[in-house]
Amino acid sequence: MVSQIAFASILGLVASRAYKSYSHIYQSIKLGKDETISGDSGTRWKNVLLVAFGQKKMFKRIIPAVLHLFIYVAFLFTQIELIEIILDGLLGKHRIFASLLGGLYTLIINSIEFLSLGALISTVIFLWRRNLLKVPRLVMPEMKGWPTLDANYILIAEIVLITAIFTMNGADGLLQKLDPVHYPDTGTLVLSSAVGGLFSGLSEGTLHFLERAGWWLHILVVFGFLLYLPISKHLHIMLAFPNVYFSKLKSRGEMPNMPEIMNEVKSMMGLGDPNAEEPPMSEELPNFGSKDIMDLSWKTILDAYTCTECGRCSSVCPANGTGKKLSPRKIMMDIRDRATEVAEVVKEQDYSTEAFDDGKSLFDYISDEELFACTTCNACVEACPVMINPLEPILELRRYKILTDSAGPADWMPMFTSLENTGAVWQMPNERIEWAKELNESKS
Amino acid sequence: MKVYTLAEYAGMDTEPEILFWVGCAGSFDPRAQKITQALVKILHHAGIKYAVLGNEESCTGDPARRSGNEFIFQMMALQNIEVLNMYKVEKIVTACPHCFNTLKNEYPELGGNYTVVHHTQLIQELIDEGKITIEGGAFQGKKITYHDSCYLGRVNDIYEAPRNILNKLDGTLQEAKRSRKNGFCCGAGGAQVFKEEEKSSNDKKVNVERVAELLETDPDIIAVNCPFCTIMMNDGIKNEGKEEDVMIYDISELIVQANKW
C-alpha cells in the first residue's frame, strides 16, 4: 500500500510537470507566424507511415540506420512493459499481464529483451562513434558543450534503463521458483535467465531487493526521460511524427510567394486590380522577411524543436563541406535556442510577443557570413530523416537582410542594378539575341 | 537557319509550337551561348517550329528571389508573365534548370501558367518520336560522367531523361560518387555565381570540390544540363589543370557533335 501511494504520487507529480513543460513547448512553437499548411492529408499520412514510423530516410546511411532502428523498435515495444509497470504500480499487482496473456506474454517479453540487447549494443556503438571515433558530423563546432553532453546523457540513461530491465527480469525468474504465489510464471525468458545465472545463490531477500531496484530504476529513468525531453534534442521521438505530417507537399522549387510585394509591384507596373481598395497607409515601413522567430512560420519552429542534431544536413551541405561557416544544423539549433529564449520571457505574458523586445534577434545567433553562403541546392532538405527544411529560414532571413536592412554581399549590387535597368543579370553592351546572328547567317 | 522571335511570328500566318526560353546565361555568356546554339540546331533538325523572345525576354528573377530580393524578382516575373500571356504562350522549353524551375514552379502563383520542359526532356521526346536520330562514331570508347544539377535533379526530380539521352550515345555513361538525389552542387545556385564565395577554413571551393570528385571517375567528358554548372565546371577544371584532357559539354552539345550539325 505504501509503495502504491508513493508510486501514484510520483506519477501524478511527473504527469503535472510533464503537462507544464510540453505545453510550454507547444506555446513556443506557436510563437511562429500562423501558416495554413495545405495539401492532401492522404499523402501526409503516407509520409508519417513511411518516413516517421518506417524510418525510410534514415536508410540513406545504412549503419546508423540499423543501429538506430534497434533503439527505436526496442523503445516502441518497451511501451507494453511500461504500461504494465504503471498498472502494477498503481494497483499493487505484480506482472499483471503475465497471467492475462500467458504464452503471448512470454513471446512479448522475450522480444523486448532481444530488442533491448540490440539497443544496448547500438548504444555502446553510438557512444563510441561520438566520443572515440569522432564521426565528423557529430563533432562539428556547433556540437561543442551542451549538445554533446545531451547526446551522451541520453545514451548513458539508455544503458541504465536496459540494465534495470535485465536486473528486474533476471531476479524475477529466480523468484518465480522460490515464491510462485507472488511471482507469476512468465515462461522462459532466454536472455534474462542468463542474467539470472549471475544472481544464483543470492538470498530471497536480496533477489527481492534486486527485482524492486530494477523495477523502480526502470520507471524512474523513464519518468526522468519524459521530463528531460523538452530541454533535449531527443524531443524528436515525439515531434518527428507531427513534423513529418505537417511538412510541405509543395514543390521544393517553389519559394513562398510574398503577396504584399507582388501587389506593390503590380500596381507600380499598372497591372493592379483597378477595383481593389487602396491598402491603408502605414506610418512605419513594413518589415519584409524574417529577423526573429515570430516572423518565421510555426512549422519552422516545429522543425527546430524536432531537430535531433544528427548533422546529416550539414554533412551534405556544399558550403559546409568546403569549409564555410554555414551549417544547416546550426541554423536549426539557433532557431530553437532563440525560440526557447523568447518563450522563457513571454510565458509571463501569456505567450504574447506584442510588447516583447529584448534588443536581440536571430541575427545575434546567425551571421551574414552563414546566410549568404547557401547555394539553395536543397541537399539539406533531402538529407533530413524527419523532413526538416533548413533552407526556408535561411531564405527568409536573407529576405530580411536584403529587403529591410538593404544589406548583403556587395557583389550582388551590380546584379540587382543590372536586373532593374536591363532585365539581365549582367550589364551587357550587346543585344540579348546576338547569339542568333551566327546561326541566321549559316546555310544549313 | 533563321531564328525567329515571337514578335516576328506575330506577323506571319503560322504559330510556333514551342517557345525557347534562352535565359541570361544562354544569351550573354560566351560559353553558354554555344549551348543555346546547339539547342537551336536540334530544334531545327527535328523540324520543330520554335520561337524565342529575343529582346522581350528578361531574367526569370531566380537569382533575385534566391538572393532575397523579392522586389526585383516580382518585377522580372510579372513583366515576363505579361509578355508570355500577351503572346498566349502555352509551351516553353529551356536549357537552364533555374529558368525551368522558376517558370514551372513559381510563375503559376503569379498568374503565369505554361507547360514547361527542360531541354533534356524535349530531346528525349524527339528521340523517342524519331524526330532526331543520333549518329554513332563520335563518342566511341569515350567515358562520359554525368553531373546532376540541383534544380533539375533534387529540386525537380528529373534524373532519367538526361541519362536516357546519354545512353543513346556510343560512349560509356558513368555515375559520380554523389549522384541523383545525392548529387553535389556546382556552387552556382542561390545567386552564388554572381559573388565571391565566403571565406573557407580550408581554402576549398565548391566547384573545385565537385570537379575533383567527377575526375575520380577518369572521364573523357563531363556531361551537364545547366549553363551555370557548365561555367562553374569550366572554372573548376582549369583549377585542376585538366582543361585539355576532359571536356565539359551540355547534353545538347553532345547531340550536335554526334550528328556533326
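## Exercises on chain B and its contacts

Among the contacts in chain B that join residues at least 6 apart in sequence, 80% link residues at least 24 apart. The model used in these exercises is a predicted one.

**Exercise 1.** Describe the make-up of chain B, and decide how its radius of gyration stands against the globule rule.

*Solution.* Begin with the secondary structure of chain B, which consists of 11 helices and eight strands. Then turn to burial: of the 261 residues of chain B, 56% count as buried.

**Exercise 2.** Find the domains of chain B, and work out which helix gives the largest share of the side of domain 1 that touches domain 2.

*Solution.* The domain assignment divides chain B into domain 1 (6-125) and domain 2 (133-258). Their C-alpha centres lie 23 Å apart, and the contact between them takes 26 residues from domain 1 of chain B and 26 residues from domain 2 of chain B. On the side of domain 1 that touches domain 2, the largest share, eight residues, comes from H3(B). The residues of that side divide into 12 nonpolar, nine polar and five charged.

**Exercise 3.** State how many residues each chain brings to the contact between chain A and chain B.

*Solution.* Chain A supplies 59 residues and chain B supplies 60 residues. On the side of chain A that touches chain B, H17(A) gives the most, with six residues.

Key
Residues numbered from 1 in each chain as written. Chains lettered and ligands numbered in written order. Predicted model: local features only at pLDDT ≥ 70, side-chain atom pairs only at ≥ 80, totals over all residues. Contact = placed C-beta atoms within 7 Å. Helix = DSSP H or I, 4+ residues; strand = E, 2+ residues; numbered from the N terminus. Rg over C-alpha atoms; globule rule 2.2 N^0.38 Å. Buried ≥ 20, exposed ≤ 12 C-beta atoms within 10 Å, placed from the backbone. Domains from an automatic or database assignment. Nonpolar A, V, L, I, M, F, W, Y, C, P; charged D, E, K, R; others polar.
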